[in-house]
Structures are given as structure tokens and as C-alpha cells.
Amino acid sequence: MEIIGVSKGVYNGFLKIDLLTVSDGKNTFKRELMVRPDAVAAIVYNTVTQKYLFTKQWRPARNSDVVEIMAGTLDHEGEDPVTALGRELNEELGYKIDKCEMINDCFVSPGGTSEKVKIYYVEVSEKISTGGGLETEHENIETIELTQQEMLSYNFEDAKTVIGVLWVRYMLLIGKI
């Protein structure tokens, strides 16, 4: 398979869509690609309260609130992911990073979007702002604190959150955290 042509910006709203012309060597066909900036996300552990911190916010695909790990997009090409993570952690939950460890990076949905997310494990102890998201980004984020047991038994619907929680479960199992 090979992309042989791109019509950029066939849709330019909150989401951006490019139309790709693809060849498999025999046939030529069209595929849409949602173009999104790469993102960072973190499963956050508060070492003072010994609870995991999650965000709860409205998501259009669900048309209701979703509990998930904190996340945000890189502001510009080449932005350091850990810098972006610190900014997003402050904006959404109101904390600064004490410890940061990369878990994995993965495509959100490689069949339809360019977005790749880097998922981290972060420890925090000091609240430096109110969090809650940015008004200019129309965010209304609630912080959800879960004990280890509550987190491990919660039925998360968001894929990056499932990855983060499974990583914690594994690290607990092998005695690394």
C-alpha cells in the first residue's frame, strides 16, 4: 500500500480531515485521515494522599462524562513531550510533576487518525493551581481521586486509560511500585 496523493484540509473545523489517494499496486482508492497533533497522557499517583488522580469530562463520542487519565496535545511540532505533560498536568489537575516514567507510545486509531499518544506514569505531591482545564479551550474538568483498589476495579472505557491502569496493575504484580 502506498499513499500517492493527499488533498489537505477537505474539512477544517475542530478536527481536520485530509483525503488520501492510496494504491495497492492494482487499485487506487480514497481514504479519509483525521489529522491531529500528537498527545501526551499520564496515569497520576498522588504520593501524599496515596490516590490515583483522573479527569472527568464530557466527551462527544459518548455524549456524557468519561473518567480517564489526564491528557493533552502538543502545542507545536517539536515540543518536548514532558514539557507538554507538565503544562497539561497543571491545567487539568493543578499539580506539578515529581517523577515521570514513560510507559508506551501508541496510535490512537491508526485506521483513521494520525494522532499518536505518549503515555506516562507520573507521581505528584504538590498542588500548584486549581486545575479544571482552560476556559479558552471550553474545558470543564473534574478531578476524580481513586484508591488503588477503586482504580483496579473501575470499568474504564477510554483506551489510553486502560493501558495506564494495566501498566500499574502489572508493576504492582511484579513489585516495581
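The legends below describe close-up views of aromatic pairs and of one aspartate in a predicted model.

**View 1. Stacked pair of Phe54 and Phe156.** The model holds 4 aromatic pairs. In the pair shown here, the ring centres of Phe54 and Phe156 are 5.0 Å apart and the planes lie at 25°, so the pair is stacked, the cut-off being under 30 degrees. Phe54 belongs to strand β5 (residues 51-59), while Phe156 sits in the loop between α2 (148-153) and α3 (159-173), so the pair ties together parts that are 102 residues apart in sequence. Both Phe54 and Phe156 are buried. Ring pairs also bring in Tyr154, which forms a cluster with Phe54 and Phe156.

**View 2. Tilted pair of Tyr121 and Trp167.** The ring centres of Tyr121 and Trp167 are 5.2 Å apart and their planes are at 40°, so this pair counts as tilted. Tyr121 is in strand β9 (residues 116-124) and Trp167 in helix α3; the two are 46 residues apart, and the pair links distant parts of the chain. Tyr121 has a relative accessibility of 2% and counts as buried. Trp167, at 13% relative accessibility, is buried as well.

**View 3. Surroundings of Asp158.** Asp158 is located in the loop between α2 and α3. Its relative accessibility is 17%, so Asp158 counts as buried, the limit being under 20%. The Asp158 side chain makes polar contacts with the side chain of Lys160 at 3.0 Å and with the side chain of Thr161 at 2.7 Å. Leaving aside neighbours within four places in sequence, Asp158 is in contact with Val66 and Glu68.

Conventions:
Residues numbered from 1 in each chain as written. Predicted model: local features only at pLDDT ≥ 70, side-chain atom pairs only at ≥ 80, totals over all residues. Heavy atoms only, no water. Phe/Tyr/Trp six-rings, centres within 6.5 Å; stacked < 30°, edge-to-face > 60°. Helix = DSSP H or I, 4+ residues; strand = E, 2+ residues; numbered from the N terminus. Buried < 20%, exposed > 50% of the residue type's maximum accessible area, 1.4 Å probe, protein only. Polar contact = N/O pair within 3.5 Å; in protein donor to acceptor, adjacent residues only side chain to side chain. Contact = heavy atoms within 4.5 Å.
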